[in-house]
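These are my notebook entries on a structure that I looked up for the first time. I set down what I checked, entry by entry.

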Amino acid sequence: MVDIKVDEISKILRQQIEGFDRGTDLAEVGTVLSVGDGIARIYGLEKVMSGELLELPHGVMGMALNLEEDSVGAVLLGEASVIKEGDQVRRTRKIMQVPVGDGFVGRVVDPLGQTLDGKGPVAPATHMPIERIAPGVVERTPVKEPLQTGIKAIDAMIPIGRGQRELIIGDRQTGKTAVAVDTIINQKGKGVLCIYVAIGQKQSTVAQVVRTLEQYGAMDHTIVVSAAASVSPALQYVAPYAGTAMAEYFQMNGADGRPAGEDNPGRAVLCIYDDLSKHAAAYREISLLLRRPPGREAFPGDVFYLHSRLLERASKLNDKRGGGSITSLPIIETQAGDISAYIPTNVISITDGQIFLEADLFYSGIRPAVNVGLSVSRVGGNAQTKAMKQVAGTLRLSLAQYRELAAFAQFGSDLDKATQAQLNRGRRLTEILKQGQFSPLPVEKQILLVFAGTNGYLDDLEVAECGRFERDLYQFLDLNHRDLQADIVKKGSLDDELRARVRAALDAFKGEFVASRPAA
Amino acid sequence: MKDRKLAMRYARALFTALPDPTAIEAADLALSSVGRAVASHTGLELLLIHPAVPRRTKNAVLAQVAGEKAGKPLLSFFSVVANHGRAAQLPAIAEAFHAIREEAEGIVAASITTATPMAPDLEAKTRTTLERLTGKRIRLTTSVDGSLIGGAVTQIGSTVYDGSLRTQLANLRRRMAGQ
């Protein structure tokens with residue numbers, strides 16, 4: 001190591017001090033009129049911008065939200081109890097922004113970009129404003145690339161495309177977060193960065209999610225933005241915007257950190273907001289404290305815009321802009337299955353479809369508890385691979401008919417043969433769509449399984465045997481038909497030749513399975 | 001509690017009702033003396049806002065406090081304020097009226113804080129410099145704050161020119177720690 005001489009240090013210091021600009025510090029200031037509940041009213045600050053960061057004593061920051069005739073209403077980000085009446089407030093001339101960059105991948109941060117995982121600070125690539133106008137029509141391209149969740153029921157019937165906004169909605173404890181976490185786990189090795197924004201959740205729940213992601217090796221492509229229930233509503237309000245700003249950095253910039261373009265592809269990002277009901281509640285709290293007039297359910301008038309401007313930022317850019325995408329999976333918690341409350345209807349109308357999870361299904365053992373009738377995906381169909389579309393088309397239809405008949409079938413037993421066959425098929429299809437947590441399934445296996453289901457390979461098995469059939473099928477396919485799986489992925493659609501090979505493989509397996517079955 | 005918005009509304013109304021600068025100056029003086037009286041005598045404030053006291057009594061008391069200099073418009077203004085039950089806001093109204101008057105006359109309030117008391121000639125020099133810079137007349141208030149160490153902090157309206165040694169040292173520290 002090179003020795004540093006003492007006089008060299010003093011020389012450097014002297015240079016520093018001599019080079020220091022001693023100009024007067026110019027600032028625009030105001031005075032705190034009143035403070036309380038994390039809100040400060042400030043007199044002065046005549047030229048302050050809406051959404052501007054403000055500097056208060058003791059290192060506390062604020063954000064100007066209400067610009068009134070004679071005062072400014074600001075939310076305090078941080079410890080509000082140290083702020084007193086009469087304190088000086090300075091303008092920073094900066095709109096609220098967050099640090100962004102590749103260094104954040106794999107980390108847990110708060111909505112201001114400060115790390116929470118004890119692994120030291122991150123050097124940001126740059127800063128980006130938390131609020132940004134969404135890309136326009138010209139910069140976008142239709143959603144056409146699939147985002148595989150690895151969940152059979154979703155990938156087959158409610159497909160999600162890159163750049164889509166798909167709402168996950170359901171009561172508490174119906175597996176909403178589980179769907180989101182499974183989707184993150186399934187993005188491993190697929191080049192999709194994930195941002196999980198936790199809003200108003202218990203710290204323990206967030207820690208649990210982080211632990212799960214680490215356990216399945218999914219933290220390496222994930223950023224967790226945590227605004228837990230204990231932080232101020234101001235930070236909870238900022239959290240999803242901050243997460244989206246981080247996502248936009250990846251979408252707009254290539255892996256080399258330079259702006260994305262035709263020869264420098266932008267990245268695909270998946271953003272999960274867990275959950276927007278609590279976000280709306282945090283915003284309601286801020287708005288009421290700022291004395292904005294309340295509307296329905298005491299939410300302020302702009303609560304629709306609050307979520308629409310956030311979710312509009314989900315987009316798939318055209319190739320000229322690098323082709324990056326942000327896929328949004330907002331989560332909404334309903335009360336007793338009521339999807340016609342204010343916030344659920346708002347977000348349903350903003351998003352491109354919803355995955356509706358139902359407590360009744362969950363408790364009757366159908367997990368993931370997706371209600372296939374109420375769940376839709378308005379644009380994802382174009383993004384589904386052709387092969388999946390071919391096999392899943394009949395699946396949706398069969399399940400719809402099954403649901404209709406199942407209600408009647410409860411009354412009597414005198415059913416004709418065709419009806420019985422439909423009920424039979426439906427029961428088995430429902431069975432094969434069940435899936436354990438943290439076990440995402442690759443798309444080729446999903447295709448083969450759904451093919452088996454819709455083509456009657458399960459019809460003569462007991463319902464209880466379907467689970468074993470599925471497990472054994474995967475084992476059999478991995479042992480004997482790796483090339484078939486690879487070809488399905490490569491071709492993307494099932495032509496006659498491929499279809500024949502699939503049938504042959506399934507026939508061979510079925511024979512083996514029936515023979516190995518313990519005698520009844 | 002001082003209500004700036006409310007006080008501003010009353011003060012502006014009075015200001016537009018007065019005919020000429022001399023009347024405005026007289027009203028400013030009378031209003032500020034009444035404001036001081038209300039602020040310093042709790043009994044007076046209680047009497048003015050008490051619902052059981054007849055209006056005529058309140059008006060008579062206010063007229064007496066304001067003295068003979070107060071013209072007719074000002075006396076009617078006092079009775080309006082008292083009748084609306086806003087007599088407690090009179091000190092704030094006086095302040096707001098003064099601010100409006102200064103703004104109309106092109107006077108800007110400025111304050112300068114130094115580490116040690118300023119010599120009178122330096123103060124006069126500062127005033128002329130500030131008047132030249134802003135192009136307006138300056139009402140200067142000075143204060144002393146030892147923690148500035150040296151230099152001066154000048155505030156005009158909501159803009160602060162901080163040339164104090166304390167801030168420069170803090171900036172130097174931030175810069176060196178940041179690198």
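**Loop residues and backbone angles**

I began with A:Glu297, which I found in the loop between α6 and α7 (303–311) of chain A; helices here are DSSP runs of H or I of at least four residues and strands are runs of E of at least two, numbered from the N terminus. The model is a predicted one, in which local features need pLDDT of at least 70, side-chain atom pairs count only at pLDDT 80 or more, and totals for chains, interfaces and linings use all residues. Residues are numbered from 1 along each chain as its sequence is written, while chains are lettered from A and ligands numbered from 1 in the order in which they are written.

I looked up the backbone of A:Glu297 and noted a phi near 50°, a positive value in a residue other than glycine. A:Glu297 is exposed, with 12 other C-beta atoms within 10 Å. For this term, a residue is buried if 20 or more other C-beta atoms lie within 10 Å of its own, exposed if 12 or fewer, and partly exposed in between, with C-beta atoms placed from the backbone.

I then turned to A:Leu45, in the loop between β2 (39–44) and β3 (52–55) of chain A. Its phi is also positive, near 50°, and A:Leu45 is not a glycine. A:Leu45 is buried, with 22 other C-beta atoms within 10 Å. I noted these angles because most residues other than glycine have a negative phi, and most peptide bonds are trans.

Where are the cis peptide bonds that I recorded? One joins A:Asp274 and A:Asp275, with omega about -5°. A:Asp275 has its place in the loop between β13 (268–274) and α6 (276–289) of chain A. Another runs from A:Arg367 to A:Pro368, with omega near 0°. A:Pro368 lies in the loop between α9 (359–363) and β17 (376–377) of chain A.

**Chain A as a whole**

I counted 15 helices and 17 strands in chain A. Its C-alpha atoms fill a box of roughly 90 × 65 × 45 Å along the principal axes. Of the 520 residues in chain A, 45% are buried. I also looked at contacts (C-beta atoms, placed from the backbone, within 7 Å). Among those in chain A between residues at least 6 apart in sequence, 72% join residues at least 24 apart.

Helix α1 (residues 6–19) of chain A has 14 residues and reaches 20 Å from its first C-alpha to its last, close to the 20 Å expected at 1.5 Å a residue; the expected span is 1.5 Å times one less than the number of residues. The number of buried residues in α1(A) is zero, so this helix lies largely in the open.

Helix α4 (residues 203–215) of chain A has 13 residues that should span 18 Å, and its end C-alpha atoms are 18 Å apart, which agrees. Which residues of α4(A) are buried? I found A:Val206, A:Val209, A:Val210 and A:Leu213. Seen down the axis, the buried residues fall within an arc of 95°, so they line one face of α4(A); the arc is that of the directions from the helix axis to the C-beta atoms. On the other side of α4(A), A:Ser204, A:Arg211 and A:Gln215 are exposed. The cover over the buried residues of α4(A) includes β8 (108–109), α3 (176–186), β11 (192–199) and β12 (222–227) of chain A. Just after α4(A), I noted a positive phi of about 65° at A:Gly217.

**Helix α12 of chain A and A:Val443**

Helix α10 (residues 386–409) and helix α12 (residues 443–454) of chain A pack at an angle of about 40°, with their axes 9 Å apart. Axes are lines fitted to C-alpha atoms, for helices over the stretch in contact, and angles run from 0 to 180 degrees between N-to-C directions. This makes α10(A) oblique to α12(A); angles under 35 degrees count as roughly parallel, over 145 as roughly antiparallel, 65 to 115 as roughly perpendicular and the rest as oblique. Residues that make the contact include A:Met388 of α10(A) and A:Val443 of α12(A).

Leaving aside neighbours within four places in sequence, A:Val443 is in contact with A:Gln148, A:Asp155, A:Thr385 and A:Met388.

Conventions: Contact = placed C-beta atoms within 7 Å.
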